[in-house]
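Subject: Structure handover and what was found in it

Dear colleague,

Please find the structure below, together with its sequence.

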Amino acid sequence: MDIRHEAPTRRTVLAAALAAAATTASLTAGCTRHGTADDGRAPRASPTPSAGTPAPSAPRTTGSVLAVKIDNVAAARPQTGLDSADVVYAEQVEGGLSRLMAVYATKLPKVIGPVRSARESDLELLRQFDHPTLAFSGAQRRLLPLIDKAPLLPETPGRKSAAFYRGTDHPAPHNLYLRPAELLPEPPGKAALTTGFHYGPAPAGGTVTAARTVRYPAARFTFTWSADRHRWLVSMDGAPARTTAGTRLAAATVVVQYVRVTTSTYHDVLGNYTPYTETVGTGKAEVLRDGRSFETTWSRPAATDGTTFTGADGGPVDFADGQVWVVFAKA
């Protein structure tokens, strides 16, 4: 028997290794440069345990939500799968821009993206969930050890390349997409949404509100009430926000949550320091639902707690059933 058919030659092994490296590189390519202020760091593409990979002893609890960091600069729009999220958080990042974190519990779309990098604030925000899965493209290298120690399951292209791919509809680095079924076999269900939110009939009172705008230094969100759809239509940076399928993004409830925003010790490749959004504590918030605005007080005593919203009467302000947008605004 010809032994050349029994085992691969050194040339074959080398070719296979180069092909595998090229596949990983194609996924992480574009995560290292961003002309409009990004972290400029991608995770190490290594099959061995490293930053961005949980320790072998880390538990994986069933019924955990999927959180995905989603790009939100103009070059990344329209996004895919954002309309399927149960909760969408909007935060300020470097250069006064915005980024989204979408949380999925009741439905997993086929594709989500574009996926971008994580921030230090995300770790505190995600503590409210039971060992969530966090899908992201990378992070600053000094932040990776903190992500590794956090009680979550981090998933990146370097760890699970089959779950990510590069699309052709946007230029890099705004074209990394996630196949969520590769991370979760099925959605965990509504019980996994341990946000502290209360849902129910609209409270009495409130102020009739046609639209509400929240501005960051280099980004803005506008929510316009649609009586026909009974939803708040989302606009970003002055343009209607739509999915890749052409559907207008719309929220049942919008929360403008006033929080303390400080400067973290992390910065991007351009030297812009990352804002740190503090989501533990208490403060003022506006809850928009059913075409009205309700003044509330938000409270989250500890990172492991959800956030409650209390009205002037001391009772909880119920949210409308459907997607919730939470926009963190500087107090």
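A salt bridge joins D122 and K69, with the closest N and O atoms 2.8 Å apart; the term stands for a side-chain nitrogen of Lys or Arg within 4 Å of a carboxyl oxygen of Asp or Glu. Helices (H or I, at least four residues) and strands (E, at least two) are DSSP runs, numbered from the N terminus.

Before going further, please note that this is a predicted model, in which local features need pLDDT of at least 70 and side-chain atom pairs count only at pLDDT 80 or more, while totals for chains, interfaces and linings use all residues. Residues are numbered from 1 along each chain as its sequence is written, and side-chain values use heavy atoms, with hydrogens and water left out.

What about a salt bridge between R260 and E278, and how far apart are its closest N and O atoms? They are 2.7 Å apart, and the pair links strand β14 (residues 253–267), which holds R260, to strand β15 (residues 273–278), which holds E278, across 18 residues of the chain. R260 counts as exposed at 54% relative accessibility, whereas E278 is partly exposed, with a relative accessible area of 21%.

Turning to the rings, a search of the whole structure finds 10 aromatic pairs, where rings of Phe, Tyr and Trp (its six-membered ring) pair if their centres lie within 6.5 Å, and planes under 30 degrees apart count as stacked, over 60 as edge-to-face and the rest as tilted. One of them is the tilted pair of F197 and F319, 4.9 Å centre to centre with 45° between the planes. F197 sits in the loop between β7 (176–178) and β8 (207–208) and F319 in the loop between β18 (308–310) and β19 (324–330), so to speak distant parts of the chain, 122 residues apart. F197 and F319 are both buried. The rings of F223 and W325 have centres 5.9 Å apart and planes at 65°, so that pair is edge-to-face. F223 is in strand β10 (residues 219–226) and W325 in strand β19, so the pair ties together parts that are 102 residues apart in sequence.

F197 and F319 also belong to one aromatic cluster with Y199 and F309.

The largest nonpolar core has 74 residues, and those with the most contacts inside it are L66, L178 and W325; such a core is a set of buried Ala, Val, Leu, Ile, Met, Phe, Trp, Tyr and Cys residues joined through side-chain atoms within 4.5 Å. Strand β19 supplies the largest share of this core, 6 residues.

Finally, D290 lies in the loop between β16 (281–289) and β17 (292–300) and counts as partly exposed at 25% relative accessibility. Leaving aside neighbours within four places in sequence, D290 is in contact (heavy atoms within 4.5 Å) with A202, W225, H230 and W232.

With kind regards

Notes: Buried < 20%, exposed > 50% of the residue type's maximum accessible area, 1.4 Å probe, protein only.
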